[in-house]
Amino acid sequence: MKEIPSREQNLRIHLDRKVGGKVLTVVRGYRGTSERLKELGIVLPIPPKPAGSYIPVVVSGSLVFVSGQIPMEGGQLKYQGKVQNNQSVENAQSAARLCIINALSQLNAHLGTLEHIEKIVRVSGFVNAEENFTEHPKVINAASELLVDAVSYTHLRAHETEAEL
């Protein structure tokens, strides 16, 4: 299996600025989102058609909203039913990651590229689960972690560190 470079290995520019008695470090990644997806072994599919009467991508000002992404693969719903305690959380996490891959595919088709994404503002997810299932955060975190690995390192990130000035 090909070793995937860490986000830290992908970073090249560090700018330190003094802000309010602290040093603000700003970091910019140099690899594009499409290249990073390839490194992760992810090929974006043709965007799935909406499963209902909604528009999958809407642009409002400088924000882009993606809606209604379900775990579709090859035109078929890959994961069905409710997550139960005796089911694998890993299967539910795979379904969440597939939803994010479909969302990225929608963005790529609508925008023509993923390289202009500066940051992900919000991720909302719904887990269809039995009432005694309590691992919802673990499921949605799998989607968030994929976005962090694929997209977030390419935008500016600020880290505050204590420093003597």
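Helices (H or I, at least four residues) and strands (E, at least two) are DSSP runs, numbered from the N terminus. This is a predicted model, where local features need pLDDT of at least 70, side-chain atom pairs count only at pLDDT 80 or more, and totals for chains, interfaces and linings use all residues. Residues are numbered from 1 along each chain as its sequence is written, and side-chain values use heavy atoms, without hydrogens and water.

**View 1. Helix H2 and its end.** H2 covers residues 89-111, 23 residues in total. From first C-alpha to last, H2 reaches 33 Å, close to the expected 33 Å. The expected span is 1.5 Å times one less than the number of residues. Gly112 follows H2, with a positive phi near 85°.

**View 2. Gln106 in H2.** Gln106 lies in helix H2. Gln106 counts as buried because its relative accessible area is 7%; buried means under 20%, exposed over 50% and partly exposed in between (1.4 Å probe, protein chains only). Beyond neighbours within four places in sequence, Gln106 is in contact (heavy atoms within 4.5 Å) with Pro47, Pro48, Pro56, Val57, Val66 and Gln69.

**View 3. The largest nonpolar core.** Such a core joins buried Ala, Val, Leu, Ile, Met, Phe, Trp, Tyr and Cys residues through side-chain atoms within 4.5 Å. Of its 21 residues, Leu104, Phe133 and Val139 touch the most other members. H2 and helix H3 (136-150) each supply at least two core residues. H2 gives the largest share, seven residues. Leaving out residues up to four places away in sequence, Phe133 touches Val83, Gln84, Asn85, Val89, Val127 and Val139.

**View 4. Ile55 in its loop.** Ile55 sits in the loop between helix H1 (33-39) and strand S3 (57-60). Ile55 is exposed, because its relative accessible area is 59%.
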